[in-house]
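Trainee: Could we go through this one together? I'd like to start with the backbone and then move on to the packing.

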Amino acid sequence: MINKVIHFSVYHRGIVLFLTGLMVVAGIYAFQHLPIDAVPDITNNQVQINTTIEGLAPEEIERTITFPVESSMRGIGGVVQVRSITRFGLSQVTVVFKDEVDRARQLVSERLQTVRNDLPKDAEAVLGPISSGLGEIYQYVIDYEQPATDEQKRLEQLMELKALQDWFIKPRLLTVEGVAEINTSGGFEKQYHVQPDPKKMAAYRVHFAELLEALERVNRNAGGGYVEQTGEQFLVQGIGLLKSPEDIRRVTVKTLDSFQVLTIGDIATVGLGKALRTGSATHNGRETVLGTVMMLLGENSRTVAIRVNEKVEEIKGTLPKGVVLTVVYNRSELVNATLGTVEHNLLMGAALVLVILLLLLGNFRAAIVTALTIPLALLFTFLVMKPLGISGNLMSLGALDFGIIVDGTVIVLDNCVRFIQNRTKVLGRSLTKEEIKDAIYHAAVEIRMAAGFGELIIVMVFLPVFALTGVEGKMFTPMAATFVIAVIGALILSFTAAPALASLMLGGSAEDKEPRLMRLVHKFYDPFLAKAIRARKATVAIGIASVVVGIALFLTRGAEFLPQLGEGSFAFHMIRPVNISLTQSLGFQEKADVLVKEFPEVSHVFSRIGTSEVATDPMGVNVSDTYIMLKPREEWPSNGWSTKTYPELVQEIIKKLERNLPGQNYLASQPIQMRFNELLEGTRADVAVKVFGPELQTLMDIAQEIK
């Protein structure tokens, strides 16, 4: 079979090269539409149920909402784990499924319907957005160019910014293809507050229920059908929606016995107020409104982030005068940096392989044909990765080894050059085109077993990786799959495109003289080889001793699952006393932002305190996620011969914060890394211990002992 393939490739090279060209075009198209990210998405198959309710304490929410919802999720097929978090005003239940379950959201939604009627009247249970741990791809803040210094005016500004985000920016960003949700943190929801005077209510014998009923009765529009007049049709409509505090004051509550009409303004004060909130946001030490764009599961983060950025640039031109939208986090920058690293490594690898091929083969044309296998195998890999759903990232693309990829083609081309040289010596002349084809065919057939088995043995080595499951499988299986695809593609090309190109490019008088480098190597290697053969026992003993020493040294080394990817930014988890108020926590955060911003390596700082509007990451008001975005390394100050490392900068930031803001705990991480940890195990820490039991105080005591 392989012989026929080689024969067809040599004698019908036009067809083979045309098909190779089609593969190149398809590979380029596949790469342009390939999901691209910095690291593999190791998020497990999970569905979040977020239930919001106003006013209830966490203990009551746990009893009336969290426990019933969590209990109803047990028994669903394919569930691995059910965990929950209860905060003031929020219950979050996370249901983790096996990876092969593809109807997880439907199963949860169906089971949620059975318990919805048992929840409190005002409880609103919704499923979390269809996103993943890598879903937060773009963040921005909106603020005024000239923030007000007066507290009341600043409050009004934050209300306007929140309204601008909810009614103008968010709906437009949701139209971007690939966006699942826009999460908002900070600002205040604009409200009109009615504050009754109990003494006046008692004097007029008005109950609170009558006030509520009056507002509900009036605050609506009414339709009255239509009226035909003079050949035209007019719609009848009653406009009753309240639009200002003055409208609310004029609402009639009741008519007294003296026929006096009692309005809300007679017994209550009406004014602008702010809603109770469970979170806030800051930017460079000032409270602001933060928007987070969440990508739809399975989309290309780089492509979606670029689309969002284009829409943001369009929105900037339509914002009200004095309002500024600032992008504070763009995942495409990290992905581009990662792709730049991969591209640099691939180009350097290809260049090194080409140089080595020239030195080892000693034939420029053969080296060029062999080097062409690299981009062709890469495009073949992209073509197969796309339908398999394998994303391009630092793990999958960075695993490609061009030296191994071109191994089969090197063997084939080297033998082709040798065959042509031998035929030339026998005939005493240069070969004709037909004789070159015949020589290349027989050379490729002769070496096919060695080339084929060499590549297949490499593929066999990676097969155990495909047996990995869980986080390990999601992390390493794409790497192994990409490598295996590239090797198989290179093997196919070595028996198709390589012979076709060789028959086209190799001349009839190809030389097979040994390159100067190889002659030099032989000069030094042959004496050592002869001595090693003469002293066989000593050579074997040295080899065994080296293996033993290597194993002993390996056992004394530390172990790590993976080296951390430098994301070019930090994410600090700042933890304050549990009973701190949101206002006080916000004050601490603003001071922390200013302290961190003083470091010359820092570009800007933004923070998210407590729980956002969409509770994908429920935190108490005593906790904040602080994102420290760094300048490019080349802009960092140096002491003349070196710059700080990332760990050194982290330690300096923590020391400065502890010195100036005591009483806080700090957990240093990175944006993607921290989100992964939280989604996978419900905690951001690298090591977490969970203690279960009925008595809360006992659990707290045990937790302190473990700590």
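Trainee: Where is the place of Phe-259?

Mentor: Bearing in mind that this is a predicted model, Phe-259 sits in the loop that runs between β10 (252-255) and β11 (261-263). Its phi is positive, about 65°, although Phe-259 is not a glycine.

Trainee: And is Phe-259 buried or exposed?

Mentor: Phe-259 has a relative accessibility of 71%, and therefore counts as exposed. Arg-205 belongs to the loop between α6 (198-204) and α7 (208-218), and counts as exposed at 72% relative accessibility.

Trainee: Switching to packing, which residues touch the most other members of the largest nonpolar core?

Mentor: Those are Val-353, Phe-382, Met-385, Phe-402 and Ile-405, in a core of 30 residues. At least two residues of this core come from each of α2 (13-32), α11 (331-361), α12 (364-388), α14 (402-405) and α17 (470-495), with the largest share, nine residues, supplied by α12.

Trainee: How do the axes of α16 and α17 cross?

Mentor: The axes of α16 (residues 433-462) and α17 come within 9 Å and cross at roughly 175°. Angles over 145 degrees count as roughly antiparallel, so α16 and α17 are roughly antiparallel to each other.

Trainee: What makes the contact?

Mentor: On the α16 side the residues include Arg-448, Leu-456 and Phe-462, while α17 contributes Phe-483, Val-487 and Leu-491, among others. The residues of this contact divide into 12 nonpolar, one polar and two charged.

Note on methods: Residues are numbered from 1 along each chain as its sequence is written. This is a predicted model: local features need pLDDT of at least 70, side-chain atom pairs count only at pLDDT 80 or more; totals for chains, interfaces and linings use all residues. Side-chain values use heavy atoms; hydrogens and water are left out. A nonpolar core is a set of buried Ala, Val, Leu, Ile, Met, Phe, Trp, Tyr and Cys residues joined through side-chain atoms within 4.5 Å. Buried means under 20% relative accessible area, exposed over 50%, partly exposed in between (1.4 Å probe, protein chains only). Helices (H or I, at least four residues) and strands (E, at least two) are DSSP runs, numbered from the N terminus. Axes are lines fitted to C-alpha atoms, for helices over the stretch in contact, and angles run from 0 to 180 degrees between N-to-C directions. Angles under 35 degrees count as roughly parallel, over 145 as roughly antiparallel, 65 to 115 as roughly perpendicular and the rest as oblique. Contact means heavy atoms within 4.5 Å. Ala, Val, Leu, Ile, Met, Phe, Trp, Tyr, Cys and Pro count as nonpolar, Asp, Glu, Lys and Arg as charged, and the others, Gly among them, as polar.
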